[in-house]
Amino acid sequence: MRDASPAKAYALHIAVVALLFVLNFVLPDYHQGLFARIMALAVFAMGYNLLFGYVGLLSLGHAMFFSAGLYGAGLTVYHLGWGVPEAFVAGVACGALLALVIGLLALRTSGVAFMIGTMMFAQVFYLLILYFAAWTGGDQGLVIQQASRVVTVGGDALDLTDPTVRYMSALALFAVVLLITLALVRSRFGRVLVAIRENEERTKMLGYDTGANKLAAVVASGAVCAASGAAYALLFGYVGSSFASVQYSILPLLWVLLGGAATTLGPLIGTLFMYYVTDITSGFTSAYLLIVGVALILLVLFFPKGVLGSIRQRWLGWLP
Amino acid sequence: MKPLLTTKGLSRQFGGLRAVDGVDFALMPGEIRAIIGPNGAGKTTFVSLLSGRVRPSSGTIVFDGADITAMPAYKRVRLGVAYTFQITSVFANLTAFDNVALPVQRTLTDGRTKGQVRTGVMAALERTGLAERAGTLAAHLSYGHQRLLEVAMGLALRPRLLILDEPTQGLADSEIDNFITLVREIAKDATVLLIEHNMPVVMQLADRITVFNSGKILAEGTPDEIRADTQVQDAYLGATHG
């Protein structure tokens, strides 16, 4: 597991980021846009993985953290006219704060009760968005105008609606979160999180306040998911309640399971795979969900630990 | 000399069952104390109360002059009360290295030790003879080695009081000899409290023995005194006497 190959692991992750960088110049327009979206959402999956993969806490309410970031950034731009960087920070802060509160409440439970608890809180959050339609735009959502999505860096104006700027912004966020995740899971904190997943009782008897560690993990996970939501609002200019629906709590779970829980690169692979299977099959038939379903079943049969999880188990034990 | 640990009127009820019933107990620093007694005598419940895994119904526990009765288990560990489980509960999906790294980094964080995680881990693994298996998943270790890993984890916590719950259970005779040597080593800088069924081990290791029966202390003394105690023979050793 965590053996003496940090250099190898960091090299692999930097290579992945470099590959994504090069793809910007190679990919056709349509796929360039799709990749930007996938990278922004892979951050959501990475945030989810932090809690589900490493700590073993299965939440069914992470849509609320994603949409806390989405609305935290979107509403401050829309109503208060905030700039992009401030709005992004506001989004992340909203997610972290919400995660702190939800964590304090939901962590009183575990297992199935934790799943149901988080799901209920997420539904409350979803309904609140609909209830306050005067500010949130309700189920119609809000469109953030292009003029509000320009960042001035030095003397230059960076327009986030420009495909390359958008792609690079998504990549920057993805790369930062990826490297933070890698450092985190290799840290002492990461080791404690895995220990809690494996045997919480034992971890306590080694002197660890497992409750505090779990809360820290929920907040970190919530903040990362909110960063994804905030970036999504700012890069794609739309804030809508569908992102707070239960579907967006299930999706990150699916992405992480597909790519490999408790692997650093699994979330990207899972998100990429799901997006492209859906994209390709919906080009052929309106019954594309059927094909997606079959693909999922095959994956679970042959890669029960997700793509990267199974590869790590069979061939590459050093994968983080 | 002041005792390292004392309990007064310590009790724990499970429903109508008084698993531990008003126990007054004192442990001197540096001794090796064995707790023996028939099944269901309350031995494991008693040490669980000491480690904080189970809350007492009444009574007090004092460790090194401080009342720790209401202290959560993880804080007691940081004070130096380490507990190794009766049922082996190493982290099966982690390597031996990572298993020991957890207690090592704990003592580093608490400032009770200095240096690198790796150095501390390898020292604990070497002391238990597991250094060559540092990279092996705990699940792939033999049962005897898993028990040793459990002890290595306890050691790495730098305990002042190490509680061992049936440490030799399931060990082969050859492994038991090594184990006795190991416990004597540990006792050089820690107090050891062990629950043990293997009488030869108890007689060889223990400075004093406490005999539990029905949640109460039936007798306490040196191995020779306990061996000669007719009450103990009746309750536990099963010997017939005139």
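1. A term to start with: two strands count as paired when DSSP finds at least two bridges between them. With that in hand, have a look at β3 (residues 32–36) and β8 (residues 191–195) of chain B, which pair in the parallel sense over four bridges. Within this pair, B:R33 sits opposite B:L193 of β8(B). Please keep in mind throughout that this is a predicted model.

2. Those two strands belong to an open sheet of six strands in chain B, with the order β6-β7-β8-β3-β9-β10 and mixed pairing. The edges are formed by β6 (81–84) and β10 (216–221) of chain B; each has a single partner strand, so one side of each is left without a neighbour in the sheet. From one strand to the next, the twist averages 20°.

3. What packs on this sheet? Helix α1 (residues 43–51) of chain B does. Helix α1 of chain B touches β3, β6, β7 (161–165), β8 and β9 (208–213) of chain B. The direction of α1 makes about 150° with that of β7(B).

4. Just after α4(B) comes B:G129, with a positive phi of about 75°.

5. Now for chain B as a whole. Chain B has nine helices and 10 strands. Its radius of gyration is 18 Å, close to the 18 Å that the globule rule gives for 242 residues, so chain B is as compact as a globular protein of that length. Taken along the principal axes, the box filled by its C-alpha atoms is roughly 55 × 40 × 40 Å.

6. Two further figures go with that picture. Of the 242 residues of chain B, 46% count as buried. Among contacts in chain B between residues at least 6 apart in sequence, 65% join residues at least 24 apart.

7. Finally, the meeting of the two chains: 17 residues of chain A are in contact with 20 residues of chain B. On the chain A side, α8 (188–198) and α9 (200–204) each supply at least two residues. Which element gives the largest share of that side? Helix α8(A) does, with six residues. By class, the side of chain A that touches chain B has seven nonpolar, two polar and eight charged residues.

Technical notes: Residues numbered from 1 in each chain as written. Chains lettered and ligands numbered in written order. Predicted model: local features only at pLDDT ≥ 70, side-chain atom pairs only at ≥ 80, totals over all residues. Rg over C-alpha atoms; globule rule 2.2 N^0.38 Å. Buried ≥ 20, exposed ≤ 12 C-beta atoms within 10 Å, placed from the backbone. Contact = placed C-beta atoms within 7 Å. Axes fitted to C-alpha atoms, helices over the stretch in contact; angles between N-to-C directions. Nonpolar A, V, L, I, M, F, W, Y, C, P; charged D, E, K, R; others polar.
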